[in-house]
Amino acid sequence: MPAKSAAQQKAAGAALSAKRGETPKSKLKGASKSMAESMSETQLEELAHTRRKGKPEHVAKH
């Protein structure tokens, strides 16, 4: 599933970096912290590799 917003894509990238051990998990906050705990590396890769062009910064919750 591709990211719906640039913010979601950025959070997935941060979570993926922590999951791979490139950055400490203690640096994660908010959505990226919960993503790192609840999603697999494959799922995070799919979200993080979504192109940002044309995506809104944030998507309103319904």
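1. Buried, in this note, means under 20% relative accessible area, exposed means over 50%, and partly exposed is in between (1.4 Å probe, protein chains only). Ser 17 is buried because its relative accessible area is 14%. Bear in mind that this is a predicted model, where local features need pLDDT of at least 70 and side-chain atom pairs count only at pLDDT 80 or more, while totals for chains, interfaces and linings use all residues. Residues are numbered from 1 along each chain as its sequence is written, and side-chain values use heavy atoms, with hydrogens and water left out.

2. Staying with Ser 17: this residue sits in helix α1 (helices are DSSP runs of H or I, at least four residues, numbered from the N terminus). Leaving aside residues up to four places away in sequence, Ser 17 touches Glu 22 and Thr 23 (contact means heavy atoms within 4.5 Å). With Thr 23 there is also a side-chain to side-chain polar contact of 3.2 Å. A polar contact here is a pair of N or O atoms within 3.5 Å; within protein, one must be able to donate a hydrogen and the other to accept it, and residues adjacent in sequence count only if both atoms are side-chain atoms.

3. Now the helix packing. α1 (residues 6-19) and α3 (residues 41-48) pack at about 140°, their axes 8 Å apart; axes are lines fitted to C-alpha atoms over the stretch in contact, and angles run from 0 to 180 degrees between N-to-C directions. That angle makes α1 oblique to α3, since under 35 degrees counts as roughly parallel, over 145 as roughly antiparallel, 65 to 115 as roughly perpendicular and the rest as oblique. On the α1 side, the residues meeting α3 include Gln 8, Ala 12 and Leu 16, and on the α3 side they include Leu 44 and Leu 47.

4. What angle do α1 and α2 pack at? For α1 and α2 (residues 30-38) the angle is about 50°, with the axes 8 Å apart, which means α1 is oblique to α2 as well. Ala 11, Ala 15 and Lys 19 are among the α1 residues in this contact, and Met 35 is one of those from α2.

5. Gln 43 counts as partly exposed because its relative accessibility is 40%. A polar atom of the Gln 43 side chain lies 2.9 Å from the backbone nitrogen of Ser 40. Ala 60 is 17 residues from Gln 43 along the chain, and their C-alpha atoms are separated by 22 Å.

Notes
Helix = DSSP H or I, 4+ residues; strand = E, 2+ residues; numbered from the N terminus.
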